[in-house]
Amino acid sequence: MTLKILAVDDSFTMRGLLEQALHEAGFDVDLAEDGQHGLERLPESDPDVVITDINMPRLDGFGFIEAVRADRKHRGLPILVLTTESAETLKDRARKAGATGWIVKPFDEEKLVAAIRRVAAREI
Amino acid sequence: MTNRESLKAGFFQECEDLLETMSDSLARVELDAADHDAVNALFRAVHSIKGGAGAFGLDALVTFSHAFENLLDDIREDRVAARGEVMQLLYRAGDRMHDLVESEQNEQDPTQWQQQDGEHAALLDAISEACARTGHDDTGSEQAAEEGFVPMPLAIEMPGLPALDAPADDDSSGGHDGDDRWRITFKPLKSLYVLGNDPLPLIRALSTLCPLDVKADLSGLPPLGEMTWDEAYLSWEITPGDDCSAEEIREIFEFVVDDCVLELDRGNAQTPDRPSEKENPSEQIQASPATEALVVQAPGDAATSRGVRGASGQQAPRQSIRVDLDRVDRLINLVGELVISEAMLSQSLSEGGKFRDPAVEGALGQLKQLASELQERIMAIRAQSVKSLFQRMSRIVREAGHATGKEVRLVTDGEATEVDKTVIERLADPLTHMLRNAIDHGIETPETRRVAGKSPQGMVRMTAGHRSGQVIMEIADDGGGIDCDAVLSRAIERGLVSPEASLTTQEIYNLLFEPGFSTAQNVSNLSGRGVGMDVVRSEIQSLGGRVSIDSTLGQGTTVTISLPLTLAVVEGMLVEVAGETLVVPSSALRETMRAEAGMIHRLGPCDLVLSMRGTLIPVFDLGASIGERKMPLDINGMPVLMVETAAGMMIALTVDRILGQREVVIKGLSENYGLVRGIAAATVLGDGRIALIVDVDQLAQNAGIALEDSAARLTA
């Protein structure tokens, strides 16, 4: 069974890049266009790891993570935050919201896979 | 196209949307500096562009959007108010974003013109200065953006041992034997689990670096009865192989340093990791108890309702695909054919009396409805809102105002009005010219305006809308208006009219569209760019539209453009002349009537005029104009179409019979027959016959020549 990743980003380009990189790394990929959409996709997608952007319309990354964590089922779901922002300030806010780790844009495929490897419960 | 190239093309397409959102939000911020939704949308747009630009290595764009983003962040956090100079700065930054995206897209090297263009550097300076006033610390995040990630330094005290973050030392000592290997003590706190981390993948990830010796320490496990499900009891002793650097180890535990006790030691020295123990684990777990759910939900809902309330660009991003325009046009053509064959079918069925069969009638009605809906939908593919056009224009206004030293505000209305894509593209130049004219010649200097009792800031209002099957665009300024006397004397001076001519105000305004007319006493570098209003008019006409001017001295000028909704369909009057069916476009048609004896006046041997409401209108026979027959001598009782040329001249066209008004699909003739004077195009009627579509303006020109000939004959 390949790992399933749910990638949440409002940027069409970023979704495309993520999808390509994750596919090439051998993962199954689901995409969502913002936090709200991510929450809607989550039950059906049932991912092993979630990757989410922060700045998004409707529901931003922090709100999305908080909402995911609020559901008992997803307490242990690894959520990686995708961001261009300074890691310092972001880390605190993301941690408070319940993020597992972070990926800094622009990412390279190796770093992306390494980050997923460090949080995915199933072996990849 | 490789995958990456197509993603890049997609990025630029997305940029168009983002730039649109950006311009949109800028306008909203200008209206209300406290509009946080707008500032957020603006921030997100710039941020998304930066993200994509980073992914494709478009450094100039990244650097600029980063600076822009900093300023927006200050505004977002209320450290800087988006007013006055800062607002101007935002606009300039927005314009520069447009330029940068464009040059990246055209694969020009933006650094090249940036070096020549001192303005770019000045703009970046101005932006960072605006930020600097608030003490915004740019350096940290700049580094983060450019280097990808700033590693968290672990403050580890290692008396007598090389510091952890001195990789050179690690490497040199890395080759030593067993005693010098790192020993890792890893004790997760329960917050580690709460945040979705797990020791297993971490250890597994570590094992990809080098072989590991892992021992689980079970000594912390309480008897089963005393165990709490969410408490962390286990810890691990890990001894990695000798080729593992502290740097690498640290990176593996990057996400969890605050949620565990991590001890890295070499040999026997104990090097406890800094923060972990101090932190109260119970504080950590607050991140996710169920009671938080309610709190969490609230901002989510608020964000959603904000999105709905806010203007466009706030909803979930639109998705689009790129389609070759040719394909759409082919589709439009085919649907046009479909509509025609539907009409043919329906006509032959009704002639054959088969309409009495309710099943046939019902099916045909459905086909008709589907065909017309299909046509409408396909036309809509070509339609675009004029928003992007308007947004481009706001920049023109800013630049023109800047160049002339006038204060001008652009107000737009009806941005959602949809117009054919080709029309939008071809409108950009004429609109630009008209706006520059309005600012250069229309709006007065702030001093003059003050003297005249007006607000020193001039206003140009640009509106678009649909009116009776046409797209109407207006550019209205509140400037000085058109001085008819000045225009007339200028026209006389230029030999465009004779000094004796008595012209109506409208005719005087129309002189502005004459080739070779320029009212500017001194051609400024702004509007005097070799493009006159005559070019504006011919461009609008070639789109099947018309343009007119209205003005009140001292109060301002309004230029109105009316355009067909689409270039593929025209609404016209079907008429019969000498056994031929012709179509006269409705856009030119003013009224229809029947010629009565009392109105007809003979002018020479074969020319006629109609007197109508006190004016004389030259009469032409449509059949004669296209060479089907000679001018009938007696037109009494014949139907007459009163048409207005783009130049504002009225002519009367006599026809044999008016068949009715309908929409026809335009089929170009020029590909097969070249330019036919007086005929714009052809169409296929319901019965399969071809009907020619009349070009009223060319007819009038032909007729005008004939008129001059006969006038010459008369005087001779």
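Of the contacts in chain A between residues at least 6 apart in sequence, 56% join residues at least 24 apart, two residues being in contact if their C-beta atoms, placed from the backbone, lie within 7 Å. The model is predicted, so that local features need pLDDT of at least 70 and side-chain atom pairs count only at pLDDT 80 or more, whereas totals for chains, interfaces and linings use all residues. Residues are numbered from 1 along each chain as its sequence is written, and chains are lettered from A and ligands numbered from 1 in the order in which they are written.

Chain A contains five helices and five strands, arranged along the sequence as β-α-β-α-β-α-β-α-β-α. Helices (H or I, at least four residues) and strands (E, at least two) are DSSP runs, numbered from the N terminus. Of the 124 residues in chain A, 67% are buried; a residue is buried if 20 or more other C-beta atoms, placed from the backbone, lie within 10 Å of its own.

Helix α1 of chain A (residues 12–24) packs with helix α2 of chain B (residues 36–55) at an angle of about 35°, their axes lying 9 Å apart. Axes are lines fitted to C-alpha atoms, for helices over the stretch in contact, and angles run from 0 to 180 degrees between N-to-C directions. The crossing of α1(A) with α2(B) is left-handed, meaning that the near helix is turned anticlockwise from the far one by less than a right angle. Thr13(A), Met14(A) and Leu17(A) of α1(A) meet Gly51(B), Gly52(B) and Ala55(B) of α2(B).

In chain B, four strands form an open sheet with antiparallel pairing in the order β2-β3-β1-β4; two strands pair if DSSP finds at least two bridges between them. Because β2 (212–217) and β4 (260–266) of chain B stand at the edges with a single partner strand each, one side of each is left without a neighbour in the sheet. Direction ignored, neighbouring strands of this sheet are turned by 15° against each other on average. Strands β1 (residues 182–188) and β3 (residues 235–240) of chain B pair in the antiparallel sense over three bridges, and Thr185(B) stands opposite Glu237(B) in β3(B).

Helix α10 of chain B (residues 199–207) packs on the sheet, where α10 touches β1, β2 and β3 of chain B, and its direction makes about 5° with that of β3(B). Pro199(B), Pro201(B), Leu202(B), Ala205(B) and Leu206(B) are the buried residues of α10(B). Their cover includes α5 (109–119) of chain A as well as β1, β2, β3 and α11 (246–252) of chain B.

Methods: Buried ≥ 20, exposed ≤ 12 C-beta atoms within 10 Å, placed from the backbone.
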